Each structure stands twice: as C-alpha cells, then as structure tokens.
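Student: I have a structure open and would like to go through the words used to describe it. Can we take them one at a time?

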Amino acid sequence: MTTPVALTIAGSDSSGGAGIQADLKTFAALGVYGASAITALTAQNTRGVTGIHAVPAEFVTAQIDAVFSDLDVGAVKIGMVAQVASIEAIAAALSRWAPRHVVLDPVMVATSGDRLLAAEAVEALRTRLIPLASVITPNLPEAAALLDEPVAASEAAIESQGRRLLALGCRAVLVKGGHGVGAESVDYLVDADNTIALAAPRIATANTHGTGCSLSSAVAAGLAKGENLEQAVRHAKAWISAAIGAADRFSVGHGHGPIHHLHRFY
C-alpha cells in the first residue's frame with residue numbers, strides 16, 4: 001500500500017486558518033499525508049496580519065531537500081513565498097527534484113487585505129515559479145495583478161486573462177471566482193485546449209479565512225492521489241464549497257473566521 005504524500009511550501013498562520021496550517025488540515029481531510037516547508041512566520045489572526053518574519057532562503061532549501069530525500073512526494077502546493085530569495089530557492093529545488101505535480105497559489109494579499117508578497121517579488125513569481133507549475137490558482141485580483149491589468153468583470157475577460165497567464169509557461173490556470181458577484185461562484189479551468197466553468201452556489205458567510213490556500217491544497221491532494229487535473233479541481237471545488245458552508249458551525253475569532261476543513265468529521 002502506497003501512502004499519497006503532498007508537500008506544502010508556504011507561510012505559517014499563527015491563528016491556524018490559512019497557510020501551512022490550512023494546507024495540512026486539507027491534506028488530512030482528504031486522506032493525504034502532509035509534509036511542509038515553511039517560508040515565513042506570520043503574526044496573524046482573523047482580523048489581520050501584524051507581523052511577518054521571513055525564513056532564510058537557505059533554510060527553505062534545507063526543508064525542501066529533507067522532505068524530498070526521504071518521502072515520495074506526489075504533489076507540491078506552493079503558497080506564500082514572501083520574498084525573491086525564497087522564490088529563487090524554491091525554483092532551484094523544484095528543478096532539482098522534479099516533482100510530478102506543482103500547484104502554485106500566487107498569494108499576494110491576505111483575506112484581511114494585508115500584503116503577503118513583497119512588490120519586487122511579483123516579477124520573480126512570474127518568471128521563476130509560474131513556468132514550473134502544473135496549474136496556478138489565482139483569484140480574480142491576483143490574476144489581474146500578475147498581468148498588470150484591471151480585474152476581469154466578464155466571463156470572456158476572465159478566460160482571456162487565463163489564456164495570457166497560460167502564456168507565462170504553466171500548463172493550466174484555475175481562475176477562482178470567489179471575489180466575483182452573483183448567485184454563483186464560478187471558477188474557470190483553462191488549459192491549452194479547453195476552458196471549463198465550474199459553478200457552485202455563493203455562500204453568505206464572513207468565515208472565509210484560508211479559502212484560497214485550502215482550495216489549492218485540495219487540488220494538490222487530488223493530484224497526489226492520482227487524479228487527473230480536471231478530476232482534482234472538481235473534487236476540490238465540491239469540498240471547499242462544503243467547508244465554507246459548514247464554516248458558521250465555528251465561532252473562532254472576531255474577524256474573518258476560518259472555514260471548516262474537517263466538516264466531514266465533526
């Protein structure tokens with residue numbers, strides 16, 4: 001029996017709702033063993049981020065090498081990378097270890113509005129990490145920021161931005177529609193051949209902390225289990241919708257509370 005393994009390379013959220021903590025909860029909820037390489041520590045809660053302490057790039061490398069040298073990693077999820085030096089370290093490690101699947105969530109701003117990626121690191125994200133990704137998972141503002149364009153407001157504009165992101169070198173783009181409007185939240189999976197629209201009812205809740213991190217991790221979990229990309233995305237979309245729907249069972253913090261990663265269990 002082979003145990004599916006996924007590695008998250010991301011920042012730590014001290015309140016437990018996003019980042020490394022959300023990723024590991026997601027992997028566990030979906031039957032995947034989770035490993036981690038931490039790029040930054042954040043002092044954070046449901047109201048916002050009050051401090052960021054970047055991990056030295058050489059220690060990011062050491063963590064990644066330690067995992068790959070021992071564990072059979074089926075998929076990698078990359079979240080908060082914080083700084084240029086970390087991006088360079090991650091890109092070098094991925095090139096060296098050549099994982100089968102890489103899910104890149106281009107985290108730039110937290111749910112609270114706090115910036116999580118240095119402005120000068122955006123170009124490094126575009127040129128060094130995106131070309132190594134099996135799929136990137138920007139939300140609507142992140143897609144626009146990566147292209148230095150206004151936020152897309154129509155299906156045609158979203159697909160067009162997805163195609164231009166694809167041209168940066170990744171194999172697929174999942175543009176997340178949670179920041180859109182309307183009765184449904186529609187995500188768009190764009191690859192060289194197709195665009196697939198994935199709709200789910202939009203859920204009215206303030207408890208959305210960690211949603212983007214967790215959806216990307218759920219995609220990585222599916223890929224680690226051997227699903228193809230469309231299967232992994234469809235299953236991740238269904239799971240994240242249920243986790244958001246169950247979020248109001250929690251009363252955690254006084255701002256944007258967390259989603260319920262383990263809603264299947266309690």
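This is a predicted model: local features need pLDDT of at least 70, side-chain atom pairs count only at pLDDT 80 or more; totals for chains, interfaces and linings use all residues.

Student: Which residues is Leu104 in contact with, leaving aside neighbours within four places in sequence?

Tutor: Ile78, Leu125, Leu129, Ile130, Ala133, Val135, Ile136 and Thr137. Contact means heavy atoms within 4.5 Å. Leu104 itself is found in strand β5, residues 102-104; strands are DSSP runs of E with at least two residues, and helices are runs of H or I with at least four, numbered from the N terminus.

Student: Why is Leu104 called buried?

Tutor: Its relative accessible area is 1%. Buried means under 20%, exposed over 50%, and partly exposed in between, with a 1.4 Å probe and protein chains only. Leu104 is therefore buried.

Student: What are the buried residues of helix α4, and what covers them?

Tutor: In α4 (residues 122-129) they are Val122, Ala124, Leu125, Arg126 and Leu129. Their cover includes β4 (75-78), α3, β5 and α5.

Student: What makes a set of residues a nonpolar core?

Tutor: The members are buried Ala, Val, Leu, Ile, Met, Phe, Trp, Tyr and Cys residues joined through side-chain atoms within 4.5 Å. The largest core here has 45 residues, and Leu7, Val76, Ile78, Ile90, Leu125 and Leu129 touch the most other members. Helix α3 (residues 84-97) gives the largest share of this core, 5 residues. A second, separate core of 28 residues includes Val103, Ala172, Trp239 and Ile240.

Student: Why is helix α5 called oblique to α6?

Tutor: The axes of α5 (residues 140-147) and α6 (residues 155-166) come within 10 Å and cross at roughly 50 degrees. Axes are lines fitted to C-alpha atoms, for helices over the stretch in contact, and angles run from 0 to 180 degrees between N-to-C directions. Angles under 35 degrees count as roughly parallel, over 145 as roughly antiparallel, 65 to 115 as roughly perpendicular and the rest as oblique. The angle of α5 and α6 falls in the rest, so α5 is oblique to α6.

Student: What is the hand of the crossing of α5 and α6?

Tutor: Left-handed. The word applies if the near helix is turned anticlockwise from the far one by less than a right angle; clockwise is right-handed.

Student: What about α1 and α7?

Tutor: Helices α1 (residues 19-29) and α7 (residues 211-224) pack at about 40 degrees, with their axes 9 Å apart. They are therefore oblique to each other, and α1 passes α7 in a right-handed crossing.

Student: What makes the phi of Ala82 worth a remark?

Tutor: Most residues other than glycine have a negative phi. Ala82 has a phi near 75 degrees, a positive value in a residue other than glycine. Ala98 also has a positive phi, about 50 degrees, and is not a glycine.

Student: How do you know whether Ala82 and Ala98 are buried or exposed?

Tutor: Ala82, in the loop between β4 and α3, has 10% relative accessibility and so counts as buried. Ala98, in the loop between α3 and β5, has a relative accessible area of 54% and is therefore exposed.

Methods. Residues are numbered from 1 along each chain as its sequence is written. Side-chain values use heavy atoms; hydrogens and water are left out.
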